[in-house]
Amino acid sequence: HYIEDGVLHCPAHTLKRIYNMCLASPVSSARLHYLREFNPDIIHLHTEFSVGLSGLAIAKILKVPVVYTLHTMYEDYLYYGAPKPFIPMVRIMSRRYFKYFAQHSQAVTGPSAKVQEYLDECHADRKVNVVPNPVELDKFSPDKVNWDHVAQLKQKYGFGEGELIAGFCGRLGREKSVDVLLDYFSQEVKREDGIKLMIIGDGPSRPELVELSQKLGISDLVTFVGAVDHNEILDYYACLDVYVTASLSDTNSISMLEGMATGL
């Protein structure tokens, strides 16, 4: 453990299967020491795993109130950790787990009313205070677009004059339902419509999505650009005419809000 720029960094192991995310131990005397020394008024949990469990336990030890923010519909992620036949059982266990976090917090927040619906399904009996996800409007203003760069990107990816470009930005995992977008494109979009699809982002499902676009015969209409540095994402949004998503796992998609801020 060490502190840098006011942030306590915790040692963790990388989980290669889940987007190379890191998992820290939920139990740490060093972490307790740092927090006891810091003496917080409130502990605000943004995760339910490892550090979240640690925060819940330390709040109890230090006798400080807990604010819990549920960001994600985790039931759409169960397939990462459980074989398909076990998912119904794991779903019951996960609902009890999230109910535990909600009921041991003095306040619960979420980015949309969807969080309230989910905790009601978990029988948590807690009121969710909706605090929408924020986007820096100045950073994503159309006035900040580098139109020369946009022209270069359109040329690079083969987008012609007058074509309508639809786009999605996000992690390419099954929970994002990009396959639904591809299926829809193959059924509803004709080549003479002059519509193309740009997929921005990377993730474990990318190879199978590329293969699906080929099987559906729409690989010439779909462009997978891969991961993009967040400092450059504005110009990619500016290539688009409309933002599209089929994801049900997001509570209040930040990338969609960024696209809306750009004028999509």
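Where is S247 found? S247 sits in the loop between strand 12 (242–243) and helix 9 (254–262). Helices here are DSSP runs of H or I with at least four residues, strands are runs of E with at least two, and both are numbered from the N terminus.

The model is predicted: local features need pLDDT of at least 70, side-chain atom pairs count only at pLDDT 80 or more, and totals for chains, interfaces and linings use all residues. Residues are numbered from 1 along each chain as its sequence is written, and side-chain values use heavy atoms, with hydrogens and water left out.

Start with the whole chain. The chain has nine helices and 12 strands. Its C-alpha trace spans about 65 × 45 × 35 Å along the principal axes. Of its 264 residues, 42% count as buried. Buried means under 20% relative accessible area, exposed means over 50%, and partly exposed lies in between (1.4 Å probe, protein chains only). Contact means heavy atoms within 4.5 Å. Among contacts between residues at least 6 apart in sequence, 69% join residues at least 24 apart.

Now go to strand 9 (residues 164–169). Five of its six residues are buried, so the strand is mostly covered. Strand 9 pairs with strand 10 (residues 195–200) in the parallel sense, over six bridges. Two strands pair if DSSP finds at least two bridges between them. Within this pairing, G167 has M198 of strand 10 as its bridge partner.

Return to S247. Its relative accessible area is 13%, so S247 is buried. Which residues does S247 contact, leaving aside its neighbours within four places in sequence? They are E175, K176 and S177. The side chains of S247 and S249 are also joined by a polar contact of 3.2 Å. A polar contact is a pair of N or O atoms within 3.5 Å; within protein, one must be able to donate a hydrogen and the other to accept it, and residues adjacent in sequence count only if both atoms are side-chain atoms.

Another loop holds T72. This loop lies between strand 6 (66–69) and helix 3 (87–103). T72 has 18% relative accessibility and therefore counts as buried. T72 and N252 are 180 residues apart in sequence, and their C-alpha atoms are 8.9 Å apart in space.

Finish at L15. L15 belongs to strand 3 (residues 12–15). Why does L15 count as partly exposed? Because its relative accessibility is 31%.
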